[in-house]
Amino acid sequence: MKAMLVFVGFSIALVTVLRWVPIRYTPVMLKRAVQFKNDPNYRSELEWVSLEEVSPDLIKAVIAAEDQRFMTHHGFDFKELYLVWREHCEFGKPLRGCSTISQQTAKNVFTFGSPTLVRKVVEAYWTVLIEFIWGKRRILEVYLNVAEMGRGIFGAEAAAKHYFGVPARRMDRKQAASIAVCLPRPLVSNPDRMDKESKARLKRIMSDPVYSSDITSEKNEAVLSIISSRREDILPSSS
């Protein structure tokens with residue numbers, strides 16, 4: 001019991017500190033460094049930038065591609081979970097991942113991303129904490145800075161410079177979407193070598209009602225607010 005209380009206290013303190021401190025290295029980055037330790041050409045690239053320094057198009061693309069209810073759920077998308085389960089039971093479709101941006105952020109920052117039940121439980125705990133302590137703006141800011149976007153490429157700034165030779169704030173719609181659609185499998189597909197599945201996702205994202213709109217803002221919080229207010233009206237219901 002004492003050990004559990006110490007862990008809870010430590011985790012709350014850590015998440016509180018990380019609400020304000022840039023995160024420049026993660027367990028997933030360490031995992032990749034070990035995985036590719038015999039590759040002399042491997043190196044990790046991550047450049048922290050504020051949310052204001054990220055293209056609004058990338059914010060829209062990531063939400064459209066990864067978590068369309070990001071602004072309305074509290075860390076877990078139970079509607080999507082129900083849809084996945086119903087498709088599996090009624091139509092025999094294979095179960096697919098439906099982690100939210102909040103869950104993915106928790107996985108990247110606080111776990112090594114191993115595909116185990118224990119990791120999912122630990123991830124859920126951290127997800128609750130960051131939703132409560134960080135809020136949506138900080139979660140998205142951290143996600144866009146630490147998400148794996150290619151071999152040794154972490155975060156929007158490093159990805160934009162690596163693939164397109166521009167800072168994250170200057171990516172256009174197609175560039176932003178091409179990064180977003182490769183997020184589920186960044187070691188398999190990236191903007192330079194996009195597989196068939198990612199190309200199909202790119203086509204869907206480019207035609208997404210919110211992503212293809214002309215929402216722009218110098219303050220990306222305003223973009224998030226607009227997406228939040230319009231998303232439920234524009235997207236068809238999953239139920």
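Trainee: Which residues form one aromatic cluster?
Mentor: Phe7, Phe110, Tyr125, Trp126 and Trp134. Keep in mind that this is a predicted model: local features need pLDDT of at least 70, side-chain atom pairs count only at pLDDT 80 or more, and totals for chains, interfaces and linings use all residues. Numbering starts from 1 along each chain as its sequence is written, and side-chain values use heavy atoms, with hydrogens and water left out.

Trainee: How many aromatic pairs does the structure hold?
Mentor: Seven. Rings of Phe, Tyr and Trp (its six-membered ring) pair if their centres lie within 6.5 Å; planes under 30 degrees apart are stacked, over 60 edge-to-face, the rest tilted. Phe7 and Tyr125 have ring centres 5.6 Å apart and planes at 35 degrees, so that pair is tilted.

Trainee: Which helices do Phe7 and Tyr125 lie in?
Mentor: Phe7 lies in α1 (residues 2–18) and Tyr125 in α6 (residues 117–133), so the pair ties together parts 118 residues apart in sequence. Helices here are DSSP runs (H or I, at least four residues), strands likewise (E, at least two), numbered from the N terminus.

Trainee: And Phe110 with Trp134, buried or exposed?
Mentor: Both are buried. That means under 20% relative accessible area; exposed is over 50%, partly exposed in between (1.4 Å probe, protein chains only). Phe7 is partly exposed at 39%, and Tyr125 is partly exposed at 25%. The Phe110–Trp134 pair is tilted, 6.2 Å centre to centre with 40 degrees between the planes.

Trainee: What does Trp134 touch?
Mentor: Leaving out residues up to four places away in sequence, its partners include Val15, Leu18, Ile23, Thr105 and Phe110. Contact means heavy atoms within 4.5 Å.

Trainee: New topic. At what angle do α3 and α9 pack?
Mentor: About 40 degrees, with the axes 8 Å apart, for α3 (residues 56–66) and α9 (residues 173–180). Axes are lines fitted to C-alpha atoms over the stretch in contact, and angles run from 0 to 180 degrees between N-to-C directions.

Trainee: Which residues make the contact?
Mentor: From α3, Asp57, Leu58, Ala61, Val62, Ala65 and Glu66; from α9, Arg173, Ala176, Ala177, Ile179 and Ala180.

Trainee: Last one. Which residues of α8 are buried?
Mentor: In α8 (residues 156–164), Ala156, Glu157, Ala158, Ala159, Ala160 and Tyr163. The elements they pack against include α3, α7 (135–146) and α9. Gly165 follows α8, with a positive phi near 70 degrees.
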